[in-house]
Number of protein chains: 2
Amino acid sequence: MDDAGQLKRRIDTCLRRLVDEEEAELLRVSGELAPLCAQLRISLTRGKRLRAAFLYWGWRAAGQPDCESVVKAAAAMELVHAAACTHDDIIDDSRLRHGVPTAHAAFAEGRAGGACDTAAGAPHGERQERSAALAMLLGDLLMGYAGQVFATCGLPGAYVARTASLWSSLLRETVAGEFLEVLRTGGVVPKVAESLEVARYKTAKYTVERPLHMGATLGGASPRGLDAFTGYGMPLGEAFQLRDDLLGVFGDPAETGKSNLDDLRDKKPTALLAVTASLLPAGPARQLHEVLGKPALDESDAALVRELMEDSGARQRIEDMIQERIAQARAALDSVALPSEARSALRALAGSATDRSL
Amino acid sequence: MDDAGQLKRRIDTCLRRLVDEEEAELLRVSGELAPLCAQLRISLTRGKRLRAAFLYWGWRAAGQPDCESVVKAAAAMELVHAAACTHDDIIDDSRLRHGVPTAHAAFAEGRAGGACDTAAGAPHGERQERSAALAMLLGDLLMGYAGQVFATCGLPGAYVARTASLWSSLLRETVAGEFLEVLRTGGVVPKVAESLEVARYKTAKYTVERPLHMGATLGGASPRGLDAFTGYGMPLGEAFQLRDDLLGVFGDPAETGKSNLDDLRDKKPTALLAVTASLLPAGPARQLHEVLGKPALDESDAALVRELMEDSGARQRIEDMIQERIAQARAALDSVALPSEARSALRALAGSATDRSL
């Protein structure tokens, strides 16, 4: 197993231990909480652990040695992410993530791994609302664990205290990005710059820049020393979002584990959509707007949109934008002095934005 | 102004300062976040600040002096509460709190204090979902602030670190209580013991016991020293919930600032409902079940339920249960040695459960 695989395994172990402990605590409250425990476990089982990796390598980049405490601090990033995903899936009504039903979908179908009988027997609309409520509570719980795991990671209190304002920033920026996206979803097709603005807050800062800042600050980097991580993190984070936009439309659900219709159905204000609209001549542009305006967009509608995205050159343009941004991120990395292990890990992480199954 | 009024004013000031700072940060991200800022302000403007008061007096009860840092730590409890209320109002679809529209209601009506035009123009169902999404994000933001305000309250790091496992408990118990309530809402009328179980987790621990534990632990009380606060806090917290149950059905909306139909419409599994069902003879019991089963329970239905609750003696029984619990709480207080100022403040706080407009 390579280094990246080993780090992922350590994060997984840390999260599994938390789930085991919390499950015992929750079941001590009531056996009726079994469905909550089941979804807690599922929500923490999958994922690439990218955010944890960026925190970890931010710490190492600051010259600090490997230790279990920083792995625990890094695991907290994955708890934030699991919370955000759980709430995000309710907002988008995404039914599948990593190939398994999302929490609210599982609660609605009584497949939550325990007796949710009352919910399963209720009328459809009511069941949807109830399952969204249960999933919202799961997200709240995950977010609370994040703060706790971080606060008790085992690093000296003075190290942890240094990151207080970064936590505020991470939280504010992520919520702000999500809020803007909800406001703009389903409305007019955005300009490319607007889409990238949302991507910067919702993904770039949250996934790459802030976790790196968090790790580096834990490790004692000065506020000025964080600039290099911004130069690397922001373009790379945008590249991740652009890759995600492509996978959301062109991805194979069997590989990505999620629907490739949801983004189009919701008329998500992605850069892919914005670039497509900007490149299409009047006739096909009208066609695009008609299809995206449909209340129940189906597979053949999606096929048409994909064709328009290909033919207009938008898909290729997004691929180019991804490559430009990865190159920018790597150049930023090359311009600073870093421990060699950290440098090569961060170079490799930049490459993962080219993966087809992010 | 009395001491309680002064403490409330200091908490209010602390929260207003946070809102001012955060509003500036959010608007720096985008002017489109104005509606989020407006709801953030509203969600932190009202309230009795009970949870903050319990944390504060827990600290004072541990022999610590008044200081601004503990007021800030106490304000964090109100942020947790504002977050929980925001999410709770979505779950219950409560439209009014403290006499003003709840966050999701305001977002839906485009009355959020800024341009939510896209949402206001969308079809009804879609608008509801979008407004719930925006309010969920507001709640997430509030919860994040809570952790931050607490972590940076200004008390020594070692004091703050002592409360880590209490935060976990507070969070776990609150989510567990809410989860159980959602599972049981709208189902069969619960047994009295089951209703009180939910009340213990959702209200008693969260509103009284844990804030007291938090304050006392910050102040250096030993884990064993917390038992007295449990003896006081649990019955008092149940009394608060029972009072809230009464106000939810018998309260005057002009005074309580919230609907007195919502609990009945949702068939909330309150102790009031459980006691009523247990006291009614077969005929009126059938009548109760029929009315509560109505999909659109109206004012005249509610009047009938109120009559059944009066005539069965259930309303009086709940009043008696409140008085018993307040007496229990005060007895627990009398059985321990406490600084006199803390003792009299906690006695007075126990009395507030008798208020008709909690």
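Me: Is A:Asp93 buried, exposed or partly exposed?
Reply: In this predicted model, A:Asp93 lies in the loop between H4 and E1 of chain A. A residue is buried if 20 or more other C-beta atoms lie within 10 Å of its own, and exposed if 12 or fewer do. A:Asp93 has 16 C-beta neighbours inside 10 Å, and therefore counts as partly exposed.

Me: What is the phi of A:Asp93?
Reply: A:Asp93 is not a glycine.

Me: Where is B:Lys267, and what is its phi?
Reply: B:Lys267 is in the loop between helix H13 (262–266) and helix H14 (271–279) of chain B. With 19 other C-beta atoms within 10 Å, B:Lys267 is partly exposed. Although B:Lys267 is not a glycine, its phi is positive, at about 55°.

Me: Is A:Ala38 buried, exposed or partly exposed?
Reply: A:Ala38 belongs to helix H2 (residues 34–43) of chain A. The C-alpha atom of A:Ala38 is separated by 9.5 Å from that of A:Val19, 19 residues apart along the chain. Because A:Ala38 has 19 C-beta neighbours inside 10 Å, it counts as partly exposed.

Me: How many of the ten residues of helix H2 of chain B are buried?
Reply: Helix H2 of chain B spans residues 34–43 and is mostly covered. Its buried residues are B:Pro35, B:Leu36, B:Cys37, B:Gln39, B:Leu40, B:Ile42 and B:Ser43. The number buried is seven.

Me: Which residues touch the most other members of the largest nonpolar core?
Reply: In soluble globular proteins, nonpolar side chains tend to be buried together. The largest nonpolar core here has 228 residues. Leaving aside neighbours within four places in sequence, B:Ala76 is in contact with B:Ala146, B:Val149, B:Phe150 and B:Cys153. The residues that touch the most other members of this core are B:Ala74 and B:Ala76.

Me: Which element gives the largest share of the side of domain 1 of chain A that touches domain 2 of chain A?
Reply: Chain A is divided into domain 1 (1–156) and domain 2 (162–358), and their C-alpha centres lie 23 Å apart. The contact takes 29 residues from domain 1 and 28 residues from domain 2 of chain A. The residues on the domain 1 side divide into 17 nonpolar, six polar and six charged. Eleven residues of that side, the largest share, come from H3(A).

Me: Which element gives the largest share of the side of chain A that touches chain B?
Reply: This contact takes 43 residues from chain A and 43 residues from chain B. On the chain A side, 25 residues are nonpolar, eleven polar and seven charged. Elements giving two or more residues to that side include H1, H4 and helix H7 (124–151) of chain A. The largest share, 13 residues, comes from H9(A).

Me: What relation superposes chain A on chain B?
Reply: A rotation of 180° with 0.0 Å of shift along its axis superposes chain A on chain B, with an RMSD of 0.0 Å. The copies meet through the same surface, because 100% of the interface residues of chain A are also interface residues in chain B. The rotation described is the relation of a two-fold axis.

Me: Where in chain A does pLDDT stay under 50?
Reply: The mean pLDDT of chain A is 91, and 95% of its residues reach 70 or more. For the complex, the predictor gives an ipTM of 0.92 and a pTM of 0.93. The stretch of chain A where pLDDT stays under 50 is residues 112–120.

Conventions
Residues numbered from 1 in each chain as written. Chains lettered and ligands numbered in written order. Predicted model: local features only at pLDDT ≥ 70, side-chain atom pairs only at ≥ 80, totals over all residues. Domains from an automatic or database assignment. Contact = placed C-beta atoms within 7 Å. Helix = DSSP H or I, 4+ residues; strand = E, 2+ residues; numbered from the N terminus. Nonpolar A, V, L, I, M, F, W, Y, C, P; charged D, E, K, R; others polar. pLDDT = per-residue confidence, 0-100. Least-squares fit on C-alpha atoms with pLDDT ≥ 70 in both. Core = buried A, V, L, I, M, F, W, Y, C linked by C-beta atoms within 7 Å.
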